Amino acid sequence: MAREPDGSTMTKKLSLPLLPLRDIVVFPSQAVTLFVGREKSMKAVEEALSSGKLIFLAAQRKASVNDPTEADIHRLGTVATLAQVLRYPNETIRLKVQGVSRARIAKFHKRRGCFMVRADICQDVPHDKVRAEALVRTVRSSFEEYARLNKKIDAGMASALHNIDDPGAISDMAAGSLGSAKLAERQGLLEQLDPVERLDTVLKLIASEIEILQIQRRLRSRIRKQMDRDQKEYYLNVQKQMINKELGEGDEFQAEIKELNEKIAAKALSEEARTKSDRELRKLKLMSPMSAESAVVRNWLDWILSIPWQEPTQEHVSLVKAQEILDEDHYGLRKVKDRIIEYIAVQQLSGENRGPILCLVGPPGVGKTSMGRSVARACGRRFTRVSLGGVRDEAEIRGHRRTYIGAFPGRIIHGMKRAGVSDPVFLLDEVDKMTVDFRGDPASALLEVLDPEQNNAFNDHFLDVDYDLSKVMFITTANTLEDIPIPLLDRMELIELPGYTDEEKMQIAKRFLVPKQKKQAGLENIPVDIRDDAVKIILDQYTREPGVRNLEREIGSVMRKITRRILEEERQDDPPPVQVGRDMVTELLGVPRFHRHRPEKRDQVGLAWGLAVTRHGGEILAVEVAVIPGKGKLLLTGKLGDVMQESAQAALSYVRSRAERLGIDPAFHTSHDIHIHLPEGAVPKDGPSAGITIAACLVSALLKTPISHRVAMTGEITLRGRVLPIGGVKDKILAASREHIPFVILPRDNRKDLKEVQRNVLQGMRIVIVDHVDEVLREALVHENIEELFPSRGTVLEYAADDPDSGEAPDEGPEQEISWELEEPETPPVR
């Protein structure tokens, strides 16, 4: 006997309309929502509504059959009541049915365009109540676990099972909730009339579903841990890949792995780099292509494959060709050119390709950076350049470690990648402009790069493998040596590039600057001739520099103004020849900015010319001393540094100690104030080389004896009047030459430095080599009894103006022994 919804039994056979179902099985006591659209199904619903709202639900054997026959329908189904019927405008009916009991089709017959069936109600068979109770309890607990894992199950379903005692009803309710079970499994449960067997089957299906859900949960947890911030995109990409794999589409990631493997095999890597590349590639194969770690590994492999390892330059240049290239690009700079030719000669003879490490030091505009390009051309190598000005992070040199987000190699590896060969000419520009802060010292990081004993195993933090830089020719540039750390300076071969002489600037302008600026101004095909006197006036009155950078700017300005004038006169089709002389330069460039010749054209008391070296090269330096009535104060002005102030104090102490011998009132310091001033007070000045200049000015002011305006001097002074050597002799001689000062006084120990000065610079000059301030005063002061006052004389070197060899002249007079005592009463005082 079958049960009604209220628990009563059904004792009659039923004739009901049949509703075939696709992909669904309805169990007794289960409420289901169905959508009906087929014509026979809609007529079956109409028949049920007109005859008691009972309908027979049976599953089709194949869901794809649109017009099923008797053979296409399972014989055992469910008698259900129509709880709700809702009609849609698109001729679709939405049903809510409630399963009542199992029934088996006894006979088919048609009525009003739909199947009618005679159904026999099926009753559960007798069962073992003890086993049934055990299964009921197990099913309840398992279903609770299943409901906890499956969020689609209504939370009250597990509680509802505890309120039902009938094993058959419990099995039907649990089976109806197993939506993921296959259709055949659900139909099998419906056809199972033994409640115990049905419970056992339901229990197995629940256990299987629990295991699947647990695996899914573990997989979701694992994927969630691998996701980055953009979890949604990652998850969709993973699903997309899985779908593509199922569809048999091409796997781009595997193709990329294959391409990387081929590149690694073909690349001439070092043994260490090849071993690590193979290891990283194996690691990449095991990663998800969308993971953050895989992007890091791919980026590392791309860098390893993009930089040159064992790819030297194939081109070789002869010594003659290299010399022609260097002379073609630069005028002068003989020392640099000789060093490059020597390197090429050694390379060709020995067969070794070990690159030198040169440091070009000189003021701005003398051609340090452009010389690097010329060296690359002369050596037949590729050129790469890195500017180090303002670099303050060590990682800029060594690179960032791969653990950091956005890590990349340092500038050295970047430069090698741009060069594309393992032996380029590598220019490290402005090496003296690096700074130090909390991120490290980039100058210390350069020690490994520029050390010939270490750079064959340079280790960039990003690559983390040794890279050979020993074949690279490194050239560094700097304006001064003071800002370069001593350990870094020790690793480089210094080549000083002093400022150019006026003659050299004239040649550079004629050979390089004028043709270049004519082309840039569009005057290449127009007869424009800049005479020598025009370049000379630009040098004398519009530029004051050791290099030629401002000279090029002024020449460019002249060319642009000529171009404008031609266009304003509308003569571009038939332009007349243009001769640029002194007058046209003054007209085009305006008021002169500098006066090459000083306004002091006569000897003056308390005024002397010193020589100094600045960042822009050698300069002359005026020193003024005024002695005024007072209480013995020493006033120093002109923005003097500590060292220069100490030099002034030492010079004053020397003068006071020898006042009586020099013919000066020994008590002058008690009745007079002394003011020492260096003009251009906004410019900082420091260094010991102005010592003898200050001493000469003090003696001149106290004796009221003028100093020759044709003399410039430099040297450090001691309390006993000794003259100590100084630096920058070459730049200082150039400065005196530019200012047309023919007479220079130098310390004796600096005599060897004259060999570094070009011969044409020394032509027409007179150099006096001195040991003591007395020798300085003899040459600088203008006094009729100078030889009696200062019998000791320094070594005089005369350089003939018309002698190209400019050899040294013989010493004038014997060198006399100088006493270093503070008091020398043998010489009568002169007042």
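Ground rules first. Because the model is predicted, local features need pLDDT of at least 70 and side-chain atom pairs count only at pLDDT 80 or more, while totals for chains, interfaces and linings use all residues. Residues are numbered from 1 along each chain as its sequence is written, and side-chain values use heavy atoms, with hydrogens and water left out.

Let's start with charge. Side chains of opposite charge can pair when their charged atoms come close. Here a salt bridge means a side-chain nitrogen of Lys or Arg within 4 Å of a carboxyl oxygen of Asp or Glu. How many salt bridges does that rule give? The count comes to 43.

Take R137 and E133. Their side chains form a salt bridge, N to O, at 3.2 Å. Both residues sit in helix α2, residues 129-149. They are four residues apart, about one turn of the helix. Helices here are DSSP runs of H or I with at least four residues, strands are runs of E with at least two, and both are numbered from the N terminus. Now accessibility. Buried is under 20% relative accessible area, exposed is over 50%, and partly exposed is in between, with a 1.4 Å probe and protein chains only. R137 is exposed because its relative accessibility is 57%. E133 is at 35%, so E133 is partly exposed.

Next, R398 and E448. Their closest N and O atoms are 2.8 Å apart, in a salt bridge. R398 lies in helix α14 (residues 395-398) and E448 in helix α16 (residues 442-449), so this pair ties together parts that are 50 residues apart in sequence. Are these two buried or exposed? R398 is buried, with a relative accessible area of 16%. E448 is buried too, at 12% relative accessibility.

K516 is partly exposed, at 41% relative accessibility. There is also a network: R102, D124, D172 and R198 are joined by salt bridges that share partners.

On to T795. This residue is in strand β29, residues 795-798. T795 counts as buried because its relative accessibility is 1%. What does its side chain contact? The T795 side chain makes a polar contact with the side chain of R748, at 3.1 Å. For a polar contact, two N or O atoms lie within 3.5 Å; within protein, one must be able to donate a hydrogen and the other to accept it, and residues adjacent in sequence count only if both atoms are side-chain atoms.

Now the surface. F35 lies in strand β4, residues 31-36. F35 is exposed, at 55% relative accessibility.

Last, backbone angles. Most residues other than glycine have a negative phi. Which residues here have a positive phi? K53 is one, at about 65°. K53 sits in the loop between α1 (39-49) and β5 (54-59), and is partly exposed at 44% relative accessibility. E430 has a positive phi near 55°. E430 is in the loop between β11 (425-429) and α16. At 25% relative accessibility, E430 is partly exposed.
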